[in-house]
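I kept this notebook while looking through a protein model for the first time. Have the structure open beside you and follow along.

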Amino acid sequence: MILPHLTYLASICANKGVTEAILSPGSRCAPVSLAFIRHPDIHCRIIPDERSAAFIAMGMAQQKNKPVVLICTSGSAALNYGPAIAEAYYQQIPLLVLTADRPAEWIEQWDGQTIRQENIYGHHIKNSYIFPDEVSHPDKLWHAKRIIKEALIQSEDFPMGPVHINIPLREPFYPQANEQYPFDLTDLEPDLDLHLPTSTFREESVVQLKTEIKKYQKVLIIPGQQRPDSNIKHMLKSIAENHQAVVITDAISNMSQEATIKHHDLLLINQTEKMVPELIISFGKSIVSKALKLFLRQQKIAHWHIQQNGQVPDTYQNLNQIIRLKPKTFLDFFRKEANKLETNFENEWLKKNATVKTKLPSLLEHAPFGELNALEKILKALPAYAKLHIANSMAVRNVNFLGLGGDDLEIICNRGTSGIDGSNSTAVGCTFTTKEPVVLVTGDMAFFYDRNAFWHQYNLPNLRIILFNNQGGGIFRMIDGPSKLPELDEYFETKQKLNGKFLAEEFNFHYRGVTGMGDLLSELQTFFDKSLNPKLLEIKCDSETNTNTLKMIKETLKV
């Protein structure tokens, strides 16, 4: 039997511009899945592993900037969405999560695949709804339609994020062979629309900010993680070149350019009093650099964060103004009104950045083959307009050490929760949205942890994977605490013997493994060329060598 509220569920989603759904197989969810599968305007894909499915949907929604629908069956299947939902919540990525459930009277009755699904995602979801289990009364159908519209609105309202609808379902789950979904519904109206607030100054705010901004001549602007935006990038370039602020750009900000400070992780080895700002201005989400966060937290400097709505974290422990504007609006105001920087402050940052930029290539050239000098060559070989996904742990830190950023490259990393789970799957989701090269740079722990990202029926010809395999969690050799413990090898590095060759054979990837710079440079000549199948380049290196190289670089850069 076809349920009318499920027909409306798919129809309203399509009417609101939803075009993609990621499904995982199940019986209880069949009525929901079929409503989306049979809708002519929604493209559905089946991903068996729910944890991978959720990250894949997140990777798609991140690129499309529109909600992607997730559908799973009842029970523990819904729990497997948890890591990706938390990541989407903190990265502000829209998802519409639809979980099938038993009717309320069967909860806690030892019925199969039954757990407590109401508010299952806790505080890591923008909102959670319980769908009506039947719509025999007109008010119930009205309520069901209202829930769908409100959920979609909330997922896209700033800050965007995941919204959950839990759907109790009774048997029978499957329509008769000749039943058709009536998608030509005519009573979708009245619609519910989102009208964003205008991003303009009130006159009294302009006067106040003009007065405030004139107090400062040592300003740091720090953009956090965000999608590329050429207008904002141009404004930051103008501000830096006009000597109005020192602009520090983490790799994941997608704002790095020649005018900005990109080597802050290494130049802060030699921090001085001259580098202490009077004001921090931030926008966007998190940054990678622990060194920068610690440096600024020690100073107790005035901090303004620019964000049009939503909760604002106190990253540098002295937040004293939240300016409710879009960053473009504020930066346009800033470049018209801000003072010139104090010369000593600006010169200190620029000089130290230039020193690292000059010395680093030679230090890498003379270091033993390992992650950092291999990564430098890889980043230089990346194709234009690539989508670069970076796994957490050492992969993203190494990219930040090297100061990557600029041009048309988009850098993507799961820094909402900063976990290693889901890096592969997020990159796979990205490949479903573009024909441009999608490049994943990852370590062995993150890569093998998320191997089910490739367990599906879809080919990924534009996916390129760079796997750094040092047979364990090498980051723990670089952390003072575990690096000095006798338990390091067994209990922190998580020694493993896997290699990428067998996974590549299993999933029909092109595979190459390298152990030296000559072989790497040879493989890079054709690695990014078009192919019918994904490509995996495995770089085998030693964890202790990687640690020693980074220590050598830091020691050499010390004044």
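My entries below go from cysteines to cores, then to a sheet and some salt bridges.

**Ground rules.** I worked with a predicted model, in which local features need pLDDT of at least 70 and side-chain atom pairs count only at pLDDT 80 or more, while totals for chains, interfaces and linings use all residues. Residues are numbered from 1 along each chain as its sequence is written, and side-chain values use heavy atoms, with hydrogens and water left out.

**Cysteines.** How many disulfides does the structure hold? I found zero; a disulfide here is a pair of cysteine sulfur atoms within 2.5 Å. I looked up Cys-72: the closest cysteine sulfur, in Cys-29, is 6.9 Å from its own, too far for a bond. Cys-413 is in no disulfide either, as the nearest cysteine sulfur, that of Cys-430, is 13 Å away.

Next I asked myself: is Cys-72 buried or exposed? Cys-72 is buried, at 0% relative accessible area, and Cys-413 is buried too, at 1%. My cut-offs were under 20% relative accessible area for buried, over 50% for exposed and partly exposed in between, with a 1.4 Å probe and protein chains only.

**Cores.** I then looked for nonpolar cores (sets of buried Ala, Val, Leu, Ile, Met, Phe, Trp, Tyr and Cys residues joined through side-chain atoms within 4.5 Å). The largest has 91 residues, and the members touching the most others are Ile-221, Phe-330, Phe-334, Trp-349 and Leu-388. I picked Trp-349 and listed its contacts (heavy atoms within 4.5 Å). Leaving out residues up to four places away in sequence, its contacts include Leu-220, Val-246, Met-275 and Phe-295. There is also a second, separate core of 45 residues, with Ala-57 and Tyr-511 among them.

**Helix H2.** Helices (H or I, at least four residues) and strands (E, at least two) are DSSP runs, numbered from the N terminus. Helix H2 spans residues 30-37, and seven of its eight residues are buried. Among them are Pro-31, Leu-34 and Phe-36. The buried residues of H2 pack against several elements, including helix H1 (4-15) and strand S3 (68-72).

**A sheet.** In what order do the five strands of the open sheet come? I read S8-S7-S9-S10-S11, with parallel pairing; two strands pair if DSSP finds at least two bridges between them. Strand S8 (246-247) and strand S11 (319-323) are the edges, each pairing on one side only. Two bridges join strand S7 (residues 219-223) to S8, and Leu-220 stands opposite Val-246 in S8.

**Salt bridges.** A salt bridge needs a side-chain nitrogen of Lys or Arg within 4 Å of a carboxyl oxygen of Asp or Glu. I counted 23 in the whole structure. In one of them, Glu-342 meets Lys-218, with the closest N and O atoms 3.7 Å apart. Glu-342 is in the loop between H11 and helix H12 (343-365) and Lys-218 in the loop between helix H7 (203-213) and S7, so this pair ties together parts 124 residues apart in sequence. Glu-342 is partly exposed at 31%, whereas Lys-218 counts as buried at 18%.

I also noted Glu-410 and Lys-387, whose side chains meet at 2.8 Å, N to O. Glu-410 belongs to strand S13 (residues 410-413) and Lys-387 to strand S12 (residues 387-390), 23 residues apart. Both Glu-410 and Lys-387 are buried.
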